[in-house]
Amino acid sequence: MKRIVLVLGDQLTPALSSLRAADRENDVVLMAEVIAEATYVRHHKKKIVLILAAMRHFAAELRMSGWRVDYVTLSDPANSGSLHGEVMRAFVRHGATHVLATEPGEWRLMREMAQWPSVTLLPDDRFLADRHGFASWAENRRGLRMEHFYRLMRLKTGLLMEGDQPAGGRWNFDRDNRNPAPGALALPEPLRFESDAITRDVLEMVATRFPDHFGELNPFWFAVTRAGAEAAFAHFLRHGLRDFGRYQDAMLRGNRFLCHSVVSVYLNLGLLDPLTMCRAVEVEWRAGRVPLNSAEGFIRQVIGWREFVRGIYWWCGPEYALSNALGAHRPLPAFYWSADTHMTCVRACVSQTREEAYAHHIQRLMVTGNFALLAGIDPHALHEWYLAVYADAFEWVELPNTIGMSQFADGGLLASKPYAASGAYIHRMSDYCEACTYDVKAKEGPKACPFNLLYWHFVARHVDRLRGNPRMVQMVRTWEGFAPEKQARLTRDAERFLASLG
Ligand code: FAD
Ligand code: DLZ
Ligand code: SF4
């Protein structure tokens, strides 16, 4: 029986489970650029280029290694516009009757593909923790904490272990990782790549077909091949990893990447392998080239957070996307698209997102995420924003980060407390406030930093819920200790600001 092996845009891995199970002699690999996948949210232009250019390069690599690949471009006049339509057309072209595929990374497609008439879906085993293993771990626990899960992953992989003990005597070195940034000049930059003819074709096509999508197309400098992604990661190992831990939480107007690896874009497409990366990081530490806090910090993000959020995504089911435990319903302010705001921190993060389709974790969590949390923005609208604007955004990783970590919309399933902070946090970790119309030190009045005003408004809105959280109860007591006139002034100023959001 001849089969169609459907390989999706974020499955660009030669050892993918579907390719391992396929027969190179008889089966046909199908890769299809379809409008439905480019528009289920209106992805950033750079994200579309990254994915389609990487798909085209991967198809060429598969052909080189002996696969028969049927590649449908977006500009093919017969393109049906959907993955299902393309599979049906491929059945006819190749006389095939069955599809073999690795499970997709989204409930939306998972549910759709499971309905296809003749399909085999294989687990996506490019992760350390399989979905069912995570579910049995999660089901037997009262609370889900990344830190507990992470220790299991350390034990499972042996990464940074001395026997059954963590290297350096601690599992987590985060307390060494909270330095503000040094001068921008001391920092490395990610490796940038020239576009070849294949990528230039995609750039041209995206410019023509998606002119209204958010984001700048040029300069486009992401790698679009495995070799490129590996070079980008090797560059990070050499130049970024040493200070990765120390400056992980810092933000600077003059440097968008600091010591971050900027590899999620490659990892999430399948161009890099998480365990291989972490082993390479461990080698750097064992060779004495990088400190343990950096190596451990990086490894924790990859085998801890990345795996943990994926486990939560599949375990919680499709309804997780609708969580709204804090009852937040304010529409997403227009400046999330335009960057047109006097808040320098938000302006910097949104402008950078528009230009790069990238912002690092603290920019996502403590600036755009924190603002939305404090202002009570509808978490689903925010989720669609994050899914659209970042080149590394796929729902299995984006959704739990947004709904759970950033918005506390799952009521504390993923995070032990809301990541809510006043302007003081942003001031400590960045140089944004120095260039802001607002005064980060002002707590009230027209010049007061909106994060300060909204922080108390947030506490006041959720007094009952926050009182039950040992990590937030002090903030509730502080609010309740304010004189009624002060509470009224803060509430009035915050509401005036919220009304100005439109
Ligand atoms: P580095 O700081 O260099 O970290 C190394 C790697 O660790 C990353 O490449 C990534 O694979 C992994 N990692 C770090 N933190 C996380 C995390 N919280 N969850 C999962 N993996 C993590 N990450 C995505 O890959 N896709 C998303 O769509 C995404 N959406 C997010 C939305 C919000 C609201 C927040 C707060 C975080 C989101 N993250 C997402 C997590 C994190 O911000 C990015 O992984 C990181 O910024 C990618 O940049 P980097 O490769 O330079 O990461
Ligand atoms: C994100 C994306 C885009 C923009 N385009 C395509 C495409 O044309 N063809 C394809 O197979 N995949 C694409 N993708 C990735 C899918 O949306 C992704 O596989 C699902 O979101 C599951 O993670
Ligand atoms: Fe952001 Fe407030 Fe600082 Fe301005 S003063 S940059 S709004 S934190």
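1. Let's start with one residue pair in this predicted model. Leu30 has a bridge partner in β3, and that partner is Asp70.

2. Now take in the whole sheet. It's an open one with five strands, and if you walk across it you meet β3, β2, β1, β4 and β5 in that order, with parallel pairing. At the edges sit β3 (69-72) and β5 (119-122), each with pairing on one side only. Going from one strand to the next, the twist averages 25°.

3. Next, look for the helices against this sheet. Helix α3, residues 45-64, lies across β2 and β3, and its direction is at about 160° to β3. Helix α4 (residues 83-94) packs on the sheet too, where it touches β1 (3-6), β2, β3 and β4 (98-102). The angle between the directions of α4 and β2 is about 145°.

4. Then there's ligand 1. Which residues come nearest to it? They are His260, Ser261, Ser264, Gln301 and Glu398, out of 28 residues around the ligand. Sorted by class, the shell has 13 nonpolar residues, 11 polar ones and four charged ones.

5. Where does that shell come from? Four helices each give at least two residues to it: α10 (264-267), α12 (292-316), α15 (361-375) and α17 (395-406). Why does ligand 1 lie between domain 2 and domain 3? Because domain 2 (131-188 + 240-307) and domain 3 (335-500) both contribute residues to its shell.

Definitions and conventions:
Residues numbered from 1 in each chain as written. Chains lettered and ligands numbered in written order. Predicted model: local features only at pLDDT ≥ 70, side-chain atom pairs only at ≥ 80, totals over all residues. Pairing = 2+ DSSP bridges. Axes fitted to C-alpha atoms, helices over the stretch in contact; angles between N-to-C directions. Contact = placed C-beta atoms within 7 Å. Near = placed C-beta within 6 Å. Nonpolar A, V, L, I, M, F, W, Y, C, P; charged D, E, K, R; others polar. Domains from an automatic or database assignment.
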